[in-house]
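Q: I'm new to reading protein models and I'd like to go through one with you. Could you show me the structure first?

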Amino acid sequence: MKEVAKYLIKVEAEFKNGQIVPEIPYEEVMRLVNEPNIVIIKTGLPEATLRSVIDATHTWAESTPLAEGPDPFDNNQHKQRLHIAKIQQAPQLFHDHTFDALLDLDESMKQTLLGVFTPMRQFWNNLTGNNEEYGIRKGQPYFHPQVTHYPLGGSFFGRHWHPLNPQKVGTILALNQYGKDYSSGGTGYVINDHIVETEGFQDMGDLILFRYDLPHWVSPSSFADRFSWDDPAGRWVAILPFYDPWAKPADKDEPQGWKAQIQAPKNATPEVVV
Ligand SMILES: [Fe+2]
């Protein structure tokens, strides 16, 4: 593993027998995440697997009407997000594809998506000590597999945050390549009042891990390009949120819980208890 910037740590991994196996133990990865740091796992997922998710999702979206109205959290749908989140006031412009009913997709589409979501799910289970499967469970947390497209020409997601639990650690998998498929845009974080931008540090197949209550955002794609909802050019990521959509949403005040909860932040002098 290697610290590539302040609070940004790269960890090598192997993709073996369908599993992402990091070079250091899962507990050690979680310790780094909780310190907190942003951890980039070099998953080794094959390029063909990653690209097939983009192609399948784009093809599926072309033949599936855009969703409108409130999210039901129990189907497969896609939506052009262009609004300001009610509580947190985070502005956003991106195209998301949510596969809450992933197991109901046709066999080919399902297998393509599972090619990335199953390794992500098992990795997250190993990190958090869970053993969760897919499926919709009203009144309980469950997985919300999502493929997000940030089109060229001005897509972004403003600063926001999530409750720490039950997700604990957020996961963002890069499905295509910075510098080749897109030239701007990436996730940013704030840790101990320090801005951590991952733009340019996340290669295709890299999985970003972050403590889920850290304020974060997605920096914009360049306004120098023409914007188009229909053009699949731009940044694509897969994420695997785990939450109960009917539970109390995050507060409008930023959760600086990690400041209070972490007994000995990295580089800090231990407090003397008297
Ligand atoms: Fe987020």
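Q: Is glutamine 89 buried or exposed?

A: Keep in mind that this model is predicted. Glutamine 89 has 11 C-beta neighbours inside 10 Å, so it counts as exposed. You'll find glutamine 89 in the loop between β5 and β6. Its phi is positive, about 60 degrees, although glutamine 89 is not a glycine.

Q: And tyrosine 7, is that buried or exposed?

A: Tyrosine 7 has 21 C-beta neighbours inside 10 Å, so it counts as buried. Tyrosine 7 sits in a loop too, the one between β1 and β2. Its phi is also positive, near 65 degrees.

Q: How do I read a helix that has buried residues, and which residues of α1 are buried?

A: Start with the general idea: an α-helix has 3.6 residues a turn, so residues three or four places apart point the same way. Now the case here: in α1 (residues 26-34), Val29, Leu32 and Val33 are the buried ones. Looking down the axis of α1, they fall within an arc of 100 degrees, so they line one face of the helix.

Q: What covers the buried residues of α1?

A: The cover includes β2, β3, β4, α3, β10 and β13.

Q: How do I describe two packed helices, and at what angle do α2 and α3 cross?

A: Two packed helices are described by the angle between their axes and the distance between the axes. For α2 (residues 47-62) and α3, the axes come within 9 Å and cross at roughly 140 degrees. That makes α2 oblique to α3. The crossing is left-handed. Residues that meet there include Val53, Ala56 and Trp60 in α2, and Met109, Leu113 and Val116 in α3.

Q: Which residues touch the most other members of the largest nonpolar core?

A: That core has 46 residues, and Ile38, Val39, Val116, Leu173, Leu209, Phe210 and Ala238 touch the most other members. Helix α3 (residues 107-128) gives the most to this core, with seven residues. As for phenylalanine 210, its contacts beyond four places in sequence are Val33, Ile38, Val169, Gly170, Tyr189 and His216.

Q: Last one: where are cis peptide bonds found?

A: One joins glutamate 35 and proline 36, with omega about 5 degrees. Proline 36 is in the loop between α1 and β4. Another runs from asparagine 165 to proline 166, with omega near 5 degrees. Proline 166 lies in the loop between β9 and β10.

Technical notes:
Residues numbered from 1 in each chain as written. Predicted model: local features only at pLDDT ≥ 70, side-chain atom pairs only at ≥ 80, totals over all residues. Core = buried A, V, L, I, M, F, W, Y, C linked by C-beta atoms within 7 Å. Buried ≥ 20, exposed ≤ 12 C-beta atoms within 10 Å, placed from the backbone. Helix = DSSP H or I, 4+ residues; strand = E, 2+ residues; numbered from the N terminus. Contact = placed C-beta atoms within 7 Å. Arc of directions from axis to C-beta. Axes fitted to C-alpha atoms, helices over the stretch in contact; angles between N-to-C directions. Parallel < 35°, antiparallel > 145°, perpendicular 65-115°, else oblique. Left-handed = near helix turned anticlockwise from the far one by under 90°.
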